[in-house]
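Subject: Handover of a structure and summary of findings

Dear colleague,

Please find below the structure that I am handing over to you. I would be grateful if you could read the notes that come after it with the structure open.

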Amino acid sequence: MIEQVRYGGDYNPEQWPRAVWDEDVRLMVEAGVNLVTVGVFSWAQLEPAERVYSFGWLHELLDLLGQAGIGVDLATPTASPPPWLSVRYPEALPVDARGARYSHGSRQHFCVCSATYRTRARRIVERLVSEVGEHQAIEMWHIHNEYGCHVPYCYCDNHAQAFRAWLQRRYGSVEALNEAWGTAFWSQRYGDFAEVLPPRLTPTFLNPGHELDYARFSNDAFLEEFLEERRVLRSARPDLPVTTNFMGFYKPLDYFAWASELDVVSTDNYSDPADPDGTMLSAMHYDLVRSLNKNVPWMVMEQTTSRVNWRRHNSAKVPGQMRALSYQAVARGATGVLFFQWRASRAGAEKYHSAMLPHSGVASPVWAEVTGLGGELARLGTFDGAGVEARVAMVFSWANWWALEAPAKPANDLTMADQLSWMYRPLYEAGATVDFCRPDEPLGRYEVVVVPSLYLVTAKEGANLVSYVERGGTAVVSFWSGIVDERDVVHLGPYGGPLRPLIGCEVLDVAPLPDGEELEVEWEDGTRTAAGFWTDVADEGDGHVLARIASGPWAGRPAVVEARRGEGRAYYVAARLDPAGLERVYGRSGAVPAEPSVLRSGPGVERVMRASAGQSYEFLINHSAEERVLEIAPGGFELLGGTQIGGRVTLPPLGVAIVRREDDRGA
Ligand code: GAL
């Protein structure tokens, strides 16, 4: 059990002369660093030529860190094979959809289906374990780095072969494959699995079933490689937790499937500090990551102290923002906040990426912030392991994301990210913390379940959502849900498929609206809000119409419908309502409190509750550049300032308060 929030970063000492390491460790101690990730990109240092190993430096480094009491998250170096590997074995390099082979000279240049790569990756991991696996400084294994980053899909012949085997396992016969993909269309019928290719360059739209299965297959191929590395590590040190760093809402990998294989879920968050939606997106990122495996801890493996270097214009975090954003993660349950990277590089492609220890060293204002936060976190402890309280769940699945954004749709600008933000934002602003859930996971513990455009829904998932409602739950389901099955084949009849019981109207067609066009929406009490982008063309069904389209060609059609099912209720939102409209649905469904929240004192204040048996922790973070005055419950103790607090509270710009209260709810 970790007794302190983990604090530190990627440490790449191989970029520095030996003398610098001593200073590094001394400064790490000064900054309160207690965990560093080592070895992520060290393959060429550890194995400078095939089967020629050099581990002396790593032994020395682990000793140094261990003596200073700094834990090591030891990485396998398989995300960046050394040049000798691709020179000798070009088939280990990935190939793009046009057939062009990537070269070495950057990173992530490997084909995960290449037996050559796989053998050598396994070999270096085995060697790593046999050389240093017993070292006391190691606290955790960090497998690979950001699987899929830069090259999520490879289209080479190794992949073609593995894909065919995968399809054979999934469908059994080529007839079943033809049926699933609907290959009667455009003369795409396959006579044999051997005719199937990766979705390489084609004149126009590929078969969407083909693309969907390639996304599934590619995810599985990376996961298989991860599991192979994990097997090696676990067989030597079954006592050490295993992680790999995710990238939040990263489309190519189904992180729900991955997270169930991890002991610690970790993520890298580089949301843009200058984006007005940045804190909302970052909250959503953390809610997702916390929810991927609800039985294990999670942490931020990478963020930046100030700038990244890979956007067109890399806005710096303003003083105080790094601290506020780090507490945002802690508020949402993170057991660690780490950075890329410890010391800013002098050379290479990331030398202008901010670090904990900048080029200017300890004189930099960033260093003062880094040591300040490290000192605070060390004093705070781990909040008794208090869990994050979420009454609301948001349903999300990667297969849906893949299918939803496949081309040739009524609205090709309907994205998962937009649908998620649209439905998440009012919850975030009202301080309603959200767990993310797979559509087939048990939902009974949530009061309200929000379902943004669950376009692809299986019979099992549909049954799960319907039974959640019938047993007393409340669902808020948006348009463009229940459209296709797992093969991307349309559910006929009024749209909705297995979700139809939750849709109290008959969705006969859909109408994407011209850019910028707004429709009026009239509620039962005569008040009006607006909708844009999309409306369903629905007839009334057995539900109660709460709001109708009130202008334009679809005037009179249902816009929001409430259906009572069993013990519960379902709200169907048939158009992209404006925030005021969606807030009304959320108010009525109980997703957010009907009366204005204490947070409405001004935008930019985030509130998250954590609780354990006997204690609660209220996190208040003012992300705005102005002072905010809030009204909070009485009788708390503010941990950062060490004072009693309650009632009216003033938070300075980027200010943070953590209010502990005795709480007998869970006791
Ligand atoms: C991450 C990566 C790090 C570093 C960082 C820069 O994607 O894991 O190695 O490149 O981005 O922002």
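Predicted model: local features only at pLDDT ≥ 70, side-chain atom pairs only at ≥ 80, totals over all residues.

Residues are numbered from 1 along each chain as its sequence is written, and side-chain values use heavy atoms, with hydrogens and water left out.

Domains

The protein chain is divided into domain 1 (392-589) and domain 2 (601-662); the bounds come from an automatic or database domain assignment. The centres of the two domains, taken over C-alpha atoms, are separated by 34 Å.

Helix packing

Two packed helices are described by the angle between their axes and the distance between the axes. Helices (H or I, at least four residues) and strands (E, at least two) are DSSP runs, numbered from the N terminus. Axes are lines fitted to C-alpha atoms, for helices over the stretch in contact, and angles run from 0 to 180 degrees between N-to-C directions.

Helix α1 (residues 18-31) packs with helix α3 (residues 56-67) at an angle of about 25°, and their axes are 10 Å apart. α1 is therefore roughly parallel to α3 (angles under 35 degrees count as roughly parallel, over 145 as roughly antiparallel, 65 to 115 as roughly perpendicular and the rest as oblique). R18, W21, D22, V25 and M28 of α1 make the contact with W57, E60, L61, L64 and L65 of α3, where contact means heavy atoms within 4.5 Å. By class, this contact of α1 with α3 holds 7 nonpolar, no polar and 3 charged residues (Ala, Val, Leu, Ile, Met, Phe, Trp, Tyr, Cys and Pro count as nonpolar, Asp, Glu, Lys and Arg as charged, and the others, Gly among them, as polar).

Helix α5 (residues 115-132) and helix α8 (residues 208-236) also pack at an angle of about 25°, with axes 9 Å apart. α5 is thus roughly parallel to α8, and α5 passes α8 in a right-handed crossing. Residues of α5, including Y117, R118 and A121, meet residues of α8, among them A221, E224 and E225. The contact of α5 with α8 has 8 nonpolar, no polar and 7 charged residues.

The axes of helix α10 (residues 278-292) and helix α14 (residues 416-429) come within 10 Å and cross at roughly 95°. These two helices, α10 and α14, are therefore roughly perpendicular to each other. T279, M280, L281, A283, M284 and D287 of α10 make the contact with L420, S421, Y424, R425 and Y428 of α14. The residues of the contact of α10 with α14 divide into 7 nonpolar, 2 polar and 2 charged.

Strands

An open sheet is formed by 6 strands in the order β10-β22-β23-β26-β24-β25, with antiparallel pairing (two strands pair if DSSP finds at least two bridges between them). β10 (387-388) and β25 (643-651) stand at the edges with a single partner strand each, so one side of each is left without a neighbour in the sheet. 2 bridges join β10 to the antiparallel strand β22 (residues 605-612), and V388 stands opposite R610 in β22. Helix α11 (residues 321-331) lies across β10, β22, β23 (614-622) and β26 (656-663), and runs at about 150° to β23.

Elsewhere in the chain, strand β18 (residues 544-549) is joined to strand β16 (residues 518-523) by 3 bridges, and the two run antiparallel. The bridge partner of E522 is R548 in β18. 4 bridges join β18 to strand β19 (residues 558-565), again antiparallel; V545 stands opposite V561 in β19.

Backbone geometry

The peptide bond from F340 to Q341 is cis, with omega near -5°. Q341 has its place in the loop between β9 (336-339) and α12 (365-380). H150 is not a glycine, yet H150 has a positive phi of about 75°. H150 is found in the loop between β4 (138-142) and α6 (157-171).

Yours sincerely

Definitions and conventions:
Left-handed = near helix turned anticlockwise from the far one by under 90°.
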